[in-house]
Amino acid sequence: MKRILLPALIVYALSAGVTFAALSMVSSGDGSSLINPAAIQQTAVPKADPNARIAIAPEAPKNEECPLNGKMYTTAEKESWDTRRPLAVMIENHTEARPQSGLSNADVVYETVVEGAITRFMPIFYCESQAKDTIVAPVRSARQFFLDIASEYNMPLYAHVGGSNGDDTDPRVRALEHISDYGWSLRNDLNQFSIGYPTFVRNYNRIPGKDDLATEHTMESSTERLWAVGEKRKYTNMSPETKVKGKVVPGTDWKEKFVKWAFQDDAAQDARGTTAQVAYEFWSGYTDFAVQWNYDATANTYKRIMGGEPHVDLNTGKQIETKNVVILQTKELPSVDVHKHNYIVTSGTGKAWVFQNGKVIEANWSKKDRESRTMFTDAKGKPVQFVRGQIWVSVINKESTPTF
């Protein structure tokens with residue numbers, strides 16, 4: 001009997017030891033267990049993608065609302081964005097610079113003319129780019145209109161390559177002076193001139209087949225590289241503490257003054273409209289920058305055409321699509337100086353059109369001053385509710401009107 005019992009005890013001890021070792025591998029190191037269903041849902045996924053920074057399980061619940069566009073995300077993503085502030089990046093739209101990188105991953109995109117008939121983009125990155133690094137390119141210079149709009153996000157990180165400035169530049173559009181005047185230089189500005197490599201890289205091969213790409217179309221960065229600089233400079237979700245009359249004034253979270261828009265879920269399939277297309281030009285006759293959006297009722301998205309061609313994101317190779325198309329009409333003063341810079345009026349009121357769910361809302365916009373949020377209301381004065389997902393805002397002059 002003893003000869004039988006001894007081997008059995010040895011087997012039991014070995015199996016217990018293996019079990020203990022396996023459980024020890026998931027110990028947190030402070031005596032607490034990491035076997036937590038919620039934690040497993042959020043993190044227990046191998047990072048096959050080298051650009052992934054947060055591993056999200058497919059079954060992880062999306063129960064956190066993005067404050068910028070209402071799209072729903074996981075708790076892990078929210079915990080990440082809560083430590084940061086939005087990132088605004090200047091992206092050019094010269095015909096030779098296309099396709100751009102990163103526009104599909106922005107939460108909100110702004111677009112308007114900067115000089116002549118040439119448009120430029122300012123994507124705002126925050127929620128969509130937490131789980132995975134996003135390449136952004138080609139990065140270009142700061143402009144007055146975009147500074148005014150970025151101000152709505154309570155000093156977001158603002159990435160650019162230099163900016164309009166100088167004695168021969170109209171004072172209203174001296175972007176670098178404005179950055180200094182607004183107190184951004186030491187608080188949230190990410191000018192490539194003061195950062196350089198490896199955060200910003202001249203990638204002459206960024207567009208396959210374009211071997212003669214001009215230098216101004218080559219500047220590339222990424223959301224993670226830019227947020228890393230922000231963290232190093234203490235431009236996190238909290239503004240840096242300051243001293244006033246010798247007393248330390250603690251920083252505040254950028255969201256404290258941020259005004260959210262209202263959001264709604266997708267309309268049911270049978271409640272979607274039949275407005276299948278919207279088109280507009282920024283300057284009459286300049287078709288290279290003309291835009292058309294085609295509505296996909298099944299996906300409830302709008303697919304972008306620019307210059308008569310599908311507008312593709314270089315990162316994904318796919319046509320850009322959005323949940324909401326907003327067209328804002330305002331006063332534009334073209335070529336206010338020798339550099340042909342345009343001055344765009346950003347404050348006041350005006351007409352707007354909001355396309356969502358296959359329908360159009362003829363709306364009004366209002367913005368009290370530079371730091372105030374641009375608000376959109378319908379004919380009854382009620383705030384427009386945006387469909388959860390990307391919001392694309394195109395700003396056109398008063399002489400232009402969309403067709404749909």
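Which residues form a disulfide, and how far apart are their sulfur atoms? Cys 66 and Cys 127 do, with the sulfur atoms 2.2 Å apart; a disulfide here is a pair of cysteine sulfur atoms within 2.5 Å. Before going on: this is a predicted model, where local features need pLDDT of at least 70, side-chain atom pairs count only at pLDDT 80 or more, and totals for chains, interfaces and linings use all residues. Residues are numbered from 1 along each chain as its sequence is written, and side-chain values use heavy atoms, with hydrogens and water left out.

The structure has one disulfide. Cys 66 is in the loop between β1 (64–65) and β2 (72–73), and Cys 127 is in the loop between β6 (118–125) and β7 (135–136), so the link ties together parts 61 residues apart in sequence. Strands are DSSP runs of E, at least two residues, numbered from the N terminus. The link is right-handed, with 85° about the S-S bond. Both Cys 66 and Cys 127 are buried, meaning under 20% relative accessible area with a 1.4 Å probe, protein chains only.

Now the rings. There are 18 aromatic pairs, counted when ring centres of Phe, Tyr and Trp (its six-membered ring) lie within 6.5 Å; planes under 30 degrees apart are stacked, over 60 edge-to-face, the rest tilted. Tyr 280 and Phe 282 have centres 5.8 Å apart and planes at 75°, so that pair is edge-to-face. Tyr 280 and Phe 282 are both buried. For Tyr 295 and Tyr 302 the centres are 4.9 Å apart and the planes at 35°, so that pair is tilted.

Notes:
Helix = DSSP H or I, 4+ residues; strand = E, 2+ residues; numbered from the N terminus. Buried < 20%, exposed > 50% of the residue type's maximum accessible area, 1.4 Å probe, protein only.
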